[in-house]
Amino acid sequence: MEKGKGMIIPCLLDNKDNITHQQCRQYLTKMASIIFSDYRLINGFYAECKDDVDQFSCGSIDTVNVEYHNQGTTINCLQKKYKSLVKECQRQILRVAELSSNDYHQDRALYFACRNDRERFCETVTAGNGKIYKCLMKHKFEHDMSDSCKEKLTIRQRLTAEDYKVAYKLQKTCSADIKKYHCEFHHVKNKEAKLSFLLLCLENQIKKGNKVSGECKGEIYDKRKELMEDYMVNPDIVLGCKEEIEKTCHGLQRQGKTLHCLMGMARQGQLSPTCLNAVETLVKESDAGEDYRIDSSLQKACQPVVDTACKKIDAGDAAVLSCLMEHLYTPAMVPDCEKELLDLQYFVSRDFRLDPRLYQQCKDDATNLCHAPKDWISQDDDDVLGAGVIFACLHRYLHPTQGAQKLSRKCASEVHRVMRLRADNVNLHPRIEASCREVLGRYCSENVNKGEEMDCLQKHLEDLQGECKSLVANFTVEEAEDIKLDKMLMRACEPMLTKFCKDVVEQEQDEGNLMRCLIDNKNNGEMNLDCAAGIEHFQLLQMKDYRFSYKFKEACKADVLNHCKGIKSKGEVVSCLSGIVLNDTLRHQRPTIAEQCRNQLKVALMDRSENVQLDPELQKACDVDIHSLCKDIHFGNAKVLECLKEHKKELTSQCHVKIFNRQKAEAENPEMDYTFMRVCKRMIKQFCPESDPKDIFKCLKNHKSDPSMEQKCKQVITKRQITKNTDYRLKPALEKACNKDIPKFCQEEINSMRSGGNAVEYEGKIINCLKEKFRKNRLSQDCEGQIRIVMHEAAMDYRMDPVLKAACGDTIRQHCAEEIEQPGSGKVEDCLKSMLYKEKIEDTRCRNEVIRLLQEGKADIHVDPLLYKTCALDIKHFCVRIPPGEGRQMSCLLEALEDKSIRLNEDCRKMLTERVEMWEYAAKVAPIETLNDLAEQIQNSPSRNYYLLVLLCAVGILFMSGLFCGRATKRIRAELKNK
């Protein structure tokens, strides 16, 4: 080193910490105070900064009569103008700042400005090692801190941003790590290492899991906090955001407030590209997403929330920020915290690296699948990492195309977590926010509460276009898989989740299970109204696209593509697939639709039955009827559907057809009957746990008289039985068994009813036709068995005989009022038979129907349940070898009645005698409608021989008359011919 050039002293000062000789160190301390009092003593400073001193009027070249501390003022003046200085002078200014970093006494302007503040805040702190600087920085925004000191501290912070060595403590504690990880020089080849590069470089090593000393980490934390605390220390913010600060953020306190003002403007899309880039860079440099305490403004605003909702969570690793996001829009959140939190999260959501947990779990996936840089920070990554690009890529790989690589399990879990945290706010979805900004202004700017913007977009899904529609739809698809993304619903249903779905909530992967649990319990008496309304809203949203039902989509996507191509609406897809399943069933052919899809189709059909709003076709067809007949009935719990069924005869033609088809489908598959399955759920488990789903109704019907059968379930079964007996098409077993008998014997009735149009049902007439053929033993064996069941049910409950009920309604109310109180006991039918015998039935139609009942009972004793019950022991004793059917057991009993040697049970004998009398009376008064009826009556009459003799005489007379009259006509014709 050349002597006499003033270079030795600066060199010694630069290496003071390495000097062990005590006298040398004391000498250098004295020399430093002299050197920093006059800039002419600083090597090269005078020559390289002379022009800038003159240009910016920072002092006088003639310093003979200037007090020593004015030289510090000159340096301070140049420091203020740092960005405008020539490069050589800039280096000198930074050099001076570096040399004075150890002891604040050496920064003359700061020393004089902060003397009193040092006494006030740092009285016990000894000078040296940058301790006074650090103490003053800590108290920079205290109320009692003088403005002049605050200004000088800010200038020094700006210089630190340009050269990290200006921060003595940082340079000293991190020197080993700086050298170890090559963080000394910035990539743009400045001689001085900028603080931003140093922070990013060391943070990169920490993110990679490399060891950085604890003291260095502490200093890094302090510098990051300073960056977020005062925008003035960041030259890029000051210059790039000058216009925005002056117009919108002027006058705000610098303690993070101005910066958050700019961040809020970014959320509204109001920052210039230059300013936005500066703010994004600052958030990245400070890594504010790692610890909420780094952002002073956020910490101050959110501390009350942290103290209540997140008090058990340790700061760091974004844990507290995650907790705060989970409580966004909840009663625990306060307005100031909400605003500050969303400001920060807006930027965190645009760079996946700023979420520490997401980065740690997904960095390998991001590198391998999304071409993200291997390091946390890279020299050339600015163009690669667009807003939200990497996270959007990771999101796509949650459900990749067939054969593509999937995310690792740990990364997939983190992606789901982040999506849940950001679900509340559209601004936290960069691509949606950018694509849907115009639509948000049009549809969601008024009458939409905070956090409901996504819900608003989903409601207007049909009105959206292009990428906006696609992105909102894709988000809804994800929401269907993980309903926790619907934060509004989760908040409304939080107590219900604990009550009904505790096991499902604890599952690591949702996959639609949680929503399914909520739907299954929607109509539970303990379900709160807000949660039920939220569930119903999501169900209605699912109708817009079958993909919005995760389990349905996963199970049926292949079948939809193969058989329902081009259809997206879930209602139309369900109709398409269920139609194919029904055709396969009717044709008894191998299922076309995959089993897993058929299972999900059953669930969809059950949901559709619960609420007509989930069946667009039926709702459209029955809209008029719903408003006129069911206007006061709440949608859901199948109430509207049951109302329409009860008013079936009053429905419009198109609605009537839809309701009948729905009843027919429910008859084919009872699992589609929501009311039946809900009311009888416990009874099904008790009586029919292993029954085939299609046989559930039949099984429960057989147990209807069981004492343990719940009354509500029994009522539903009876109600369905009454409906089924109105039309043979609602009884699949009968329709199948009688498929040849019906066109053979009842074609006339079918043609008659068809002439009335599609909305006309058979009203029991086809079944009555089959009953008539049953009496005459003309049905096939299978059909006869089914009709016997129908007749037995009707004999026990007149309501299951629609023709009898229609004909005898008034008579029953008049003469059998007491018996009506005991439906299903067969007493009403017995009362009608008694009234017929007593000649008290005046209505001809009713009289004929009661006669029919008697005739049916005579044809088969099982069709007369009261008689069968009374004579059961006698049948078992005397007719044990007689097979049932074709009136054989009845004939056996009648023979036993006439045989004086056989002693029947007294009750059986009495009732059987009464029945014989009724049959004889019925035979007398029965109307004769056809020659077959006449022949049958003569054959069954005790005076049939007399009637046959009279008939033969009549035929003889007619024959003789014809013989003589015929001869006369022939003679007349001959006479006329001979004329």
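Accessible areas here come from the Shrake-Rupley method with a 1.4 Å probe. I am working on a predicted model.

**Entry: whole protein**

I looked up the total surface. The accessible surface of the protein comes to about 49900 Å², and carbon and sulfur atoms hold 49% of it. I then asked for the burial count: of the 979 residues, 50% count as buried. For secondary structure I find 56 helices and 0 strands. I also looked at contacts with a separation of 6 or more, and 61% of them are between residues 24 or more positions apart.

**Entry: cavities**

How many cavities of 30 Å³ or more are there? I get 10. The largest cavity has a volume of about 160 Å³. Its lining consists of 16 residues, and those closest to the centre are Tyr133, Lys134, Ala167, Tyr168 and Lys223. Helix 7 (131-138), helix 8 (147-162), helix 9 (168-173) and helix 12 (214-229) each give two or more residues to this lining. Which helix gives the most to it? I find helix 12, with 4 residues.

**Entry: helix 29**

I list the buried residues as Leu514, Met515, Arg516, Cys517, Leu518 and Ile519. What do they pack against? I find helix 27 (487-500), helix 28 (502-505), helix 30 (529-542) and helix 33 (595-610).

**Entry: His416**

I placed His416 in helix 22, residues 409-422. Is His416 buried or exposed? His416 counts as buried because its relative accessibility is 5%, and the cut-off for buried is under 20%. I left aside the neighbours within four places in sequence and listed the contacts of His416: Leu398, Glu478, Glu481, Asp482, Leu485 and Gln509.

**Entry: Ala473**

I found Ala473 in helix 26, residues 466-481. With a relative accessibility of 7%, Ala473 counts as buried. Beyond its neighbours within four places in sequence, Ala473 is in contact with Leu461, Arg547 and Phe548. I also checked Ala473 against Leu457: the two are 16 residues apart in sequence, and their C-alpha atoms are 9.5 Å apart in space.

**Entry: Asp864**

Where does Asp864 lie? I find Asp864 in the loop between helix 50 (844-859) and helix 51 (865-870). Asp864 counts as buried because its relative accessibility is 3%. With the neighbours within four places in sequence left aside, I list Lys833, Gly857 and Arg915 as the contacts of Asp864.

**Entry: a nonpolar patch**

I looked for nonpolar side chains on the surface and noted a patch formed by Leu948, Leu951 and Val955. Together these residues have about 260 Å² of accessible area. Leu948 belongs to helix 56, residues 944-978. Why is Leu948 called partly exposed? The relative accessible area of Leu948 is 43%, and partly exposed is the class between under 20% for buried and over 50% for exposed.

Definitions and conventions. Residues are numbered from 1 along each chain as its sequence is written. This is a predicted model: local features need pLDDT of at least 70, side-chain atom pairs count only at pLDDT 80 or more; totals for chains, interfaces and linings use all residues. Side-chain values use heavy atoms; hydrogens and water are left out. Patches are made of residues with over 30% relative accessible area and no salt bridge: like charges are joined within 9 Å, nonpolar side chains (Val, Leu, Ile, Met, Phe, Trp, Tyr) within 5 Å. A salt bridge is a side-chain nitrogen of Lys or Arg within 4 Å of a carboxyl oxygen of Asp or Glu. Buried means under 20% relative accessible area, exposed over 50%, partly exposed in between (1.4 Å probe, protein chains only). Contact means heavy atoms within 4.5 Å. On a 1 Å grid over the protein atoms alone, a cavity is a set of points where a 1.4 Å probe fits but cannot get out, and a pocket is an open set with protein on both sides within 12 Å along at least five of seven lines; lining residues have an atom within 4 Å of a point. Grid points are joined across faces, edges and corners, and a volume is the space filled by probe spheres set on the points.
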